Amino acid sequence: MLVRLDGADTALLHALDAPHAGAVRTGMRVRVRWADRREGAITDIACFEPYDGPVTHEAVPHDGSFPDPVTSLAAPARLEYTYTAGRAQTRYLDGLARREVLGERCPSCRKVYVPPRGACPTCGVATTEPAAPGPRGTVTTFCVVNIKAKGLDIDVPYVYAHIALDGADLALHARIGGIPYDQVRMGMRVEPVWTGDGRHPDHYRPTGEPDADYDTYRRLL
Ligand SMILES: [Zn+2]
């Protein structure tokens, strides 16, 4: 169902726990049912449920005072005014030409980034340690594209997905092919299909392996 939260101007798509389809009507009031364990992600919303009771949670403007104010924070930042491939991406692009997917591991938090950007955005340190995630991966989430892009010779609808390569801590995104668009699913195992000139994966296709367990990729959603 589409639900417009009180105070919002647009609707979001989510599941509604209703006994049967006849119990649902346009205009009905619903409320969030929270997950048993919340961790600050969209998955904290388990679903919506019908609710006809009073509004129990009025928004109250914040008065600007905090019991434990944050007085300083470290915010490492890096800006490049002229875009160049740089060390990390040169290595990554050279690897693609050999049909190798190369990432880099942060020496501090041990996360593997692919494509590498040369530094860890969390720790602010250079990621110089090479890593070789993939080439296979898992579809974490995806969307169905129904609008044909200008200059792109791909029939719609098709699926564009976030893919967590095996061993990577960041999902990359790519088109899914080799399977009807309505059969793509979260957890599906995929592998790259390279372009004829081998410069980059043209799309990813199913490997035929059993789907990955949700817990193996949920942190990468
Ligand atoms: Zn790090």
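This is a predicted model: local features need pLDDT of at least 70, side-chain atom pairs count only at pLDDT 80 or more; totals for chains, interfaces and linings use all residues.
Local features need pLDDT of at least 70 and side-chain atom pairs count only at pLDDT 80 or more, while totals for chains, interfaces and linings use all residues. Residues are numbered from 1 along each chain as its sequence is written, and side-chain values use heavy atoms, with hydrogens and water left out.

The structure holds 21 salt bridges, a salt bridge being a side-chain nitrogen of Lys or Arg within 4 Å of a carboxyl oxygen of Asp or Glu. One of them joins Arg-110 to Glu-129, with the closest N and O atoms 3.2 Å apart. Arg-110 lies in the loop between β5 (103-105) and β6 (112-113) and Glu-129 in strand β7 (residues 129-131), so the pair ties together parts that are 19 residues apart in sequence. Strands (E, at least two residues) are DSSP runs, numbered from the N terminus. Arg-110 is partly exposed at 41% relative accessible area, and Glu-129 is partly exposed at 31%; buried means under 20%, exposed over 50% and partly exposed in between (1.4 Å probe, protein chains only).

Asp-169 and Arg-219 form a salt bridge at 3.0 Å, N to O. Asp-169 sits in the loop between β9 (158-165) and β10 (172-176) and Arg-219 in the segment after β12 (201-206), 50 residues apart. Asp-169 is buried at 17%, whereas Arg-219 is exposed at 57%.

Arg-175 pairs with Asp-202 in a salt bridge, the closest N and O atoms being 3.0 Å apart. This pair links strand β10, which holds Arg-175, with strand β12, which holds Asp-202, across 27 residues. Arg-175 is buried at 16%, and Asp-202 is partly exposed at 37%.

Salt bridges also link Arg-136, Asp-166, Arg-189, Glu-191, Arg-205 and Glu-209 in a network.

Technical notes. Helices (H or I, at least four residues) and strands (E, at least two) are DSSP runs, numbered from the N terminus.
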